[in-house]
Amino acid sequence: MANLTVNLCGVTLKNPVIPASGTFGFGREFDEIYDISVLGGVSTKGLTLEPRAGNPVPRIAERQGVILNAVGLQNPGVDEFLKNDLAWLKSKTRVVANVAGKTLEDYEGICAKLDGLVDFVELNISCPNVKSGGMAFGIRPESILEVTKAAKRNLKKTPLMVKLSPNVESIATNARAAQEGGADCISLINTLTGMAIDIERRRPIIANNTGGVSGAGVKPIAVRMVYEAAQAVEIPIVGMGGITCAEDAIEFMMAGATAVQVGTANFTDTLACPKIIEGLNDWCDRHGVKNVSELKGTLKLNGR
Ligand SMILES: Cc1cc2nc3c(=O)[nH]c(=O)nc-3n(C[C@H](O)[C@H](O)[C@H](O)COP(=O)(O)O)c2cc1C
């Protein structure tokens, strides 16, 4: 049995596998299928100060190896989460509260409400599927710096994870901006903006016209971006994008990730996360790796 525990910003996770925001709700439905206390943590659906109904349907389109989504941050609001879900989820595993806002004040307010109550606050500054805010903060390094500082001012106890968008010019520059703003760690990637067309109707399938692309097909892009971010910052990285099996998770760790998140794979196989945890253990055993954390950043580039 390999030691799968990892230390993320001083918080011990029993393993590095965390279901990604928006693909796992608050964990209750999955807990009916397996005991979610086997997970390293859970990243919640993106929380906003006020409840949100989300975008009109259709919100999801399937394509080869990927899906597109434009859910539009449907959620019950942070207060309902605190009242109904937090204590239960905390009794199971580490809680990563994924949050979104339209203004700096939204981000400040939501962080203040969650400080000290959750294990991490994950700042979604990169949601491509809402009309205002979200994405706007996640593109330019100056605004990443500003929103990270604002969140950090309101988090005295809980570590701050800043989630980066891949729809940018330089992931390294943006990772450095998050670090400079006081992020304790960063997570990436969020979805890539895409479009899928119903050729009979000559219209986009998704009501929002564009959606965020995720799933197995985005993995090489995500691995490259995690590698570039890892070269640019000293703070830990949580890698995601297209992970479906333990070997995928290992790629991200070799590229520099301390932990990983698993998103779309939860839709294709509800048991994806526990299978990845088991697979990590097997792979480590077969390769004589005693601690999974030894894998981090062990990639060597060709020709060097
Ligand atoms: C249906 C759906 C909803 C999502 N909602 C959120 C969200 O609320 N907040 C967020 O930060 N990311 C959200 N994401 C992005 C995922 O957390 C993840 O970054 C992305 O899907 C890439 O990982 P994957 O390829 O393993 O799915 C969502 C993704 C999907 C597919």
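The model is predicted, so local features need pLDDT of at least 70 and side-chain atom pairs count only at pLDDT 80 or more, whereas totals for chains, interfaces and linings use all residues. Residues are numbered from 1 along each chain as its sequence is written, and side-chain values use heavy atoms, with hydrogens and water left out.

**Ligand site**

The ligand is surrounded by 23 residues, each with a heavy atom within 4 Å of it; S21, K163, G215, G242 and T264 are the closest. This shell comprises six nonpolar, 15 polar and two charged residues, where Asp, Glu, Lys and Arg count as charged, Ala, Val, Leu, Ile, Met, Phe, Trp, Tyr, Cys and Pro as nonpolar, and the others, Gly among them, as polar.

| Protein atom | Ligand atom | Distance |
|---|---|---|
| N98, polar side-chain atom | oxygen | 2.9 Å |
| N124, polar side-chain atom | nitrogen | 3.2 Å |
| G242, polar backbone atom | oxygen | 2.7 Å |

Of the 610 Å² of accessible area that the ligand has on its own, the protein covers 97% (Shrake-Rupley method, 1.4 Å probe).

**Aromatic pair**

The whole structure holds three aromatic pairs (ring centres within 6.5 Å). In the pair of F26 and F81, the centres are 5.1 Å apart and the planes stand at 40 degrees, so the pair is tilted (planes under 30 degrees apart count as stacked, over 60 as edge-to-face and the rest as tilted). The two residues lie 55 residues apart and link distant parts of the chain: F26 belongs to the loop between strand 3 (17–19) and helix 1 (28–31), and F81 to helix 2 (residues 78–84). Helices (H or I, at least four residues) and strands (E, at least two) are DSSP runs, numbered from the N terminus.

Methods. Polar contact = N/O pair within 3.5 Å; in protein donor to acceptor, adjacent residues only side chain to side chain. Phe/Tyr/Trp six-rings, centres within 6.5 Å; stacked < 30°, edge-to-face > 60°.
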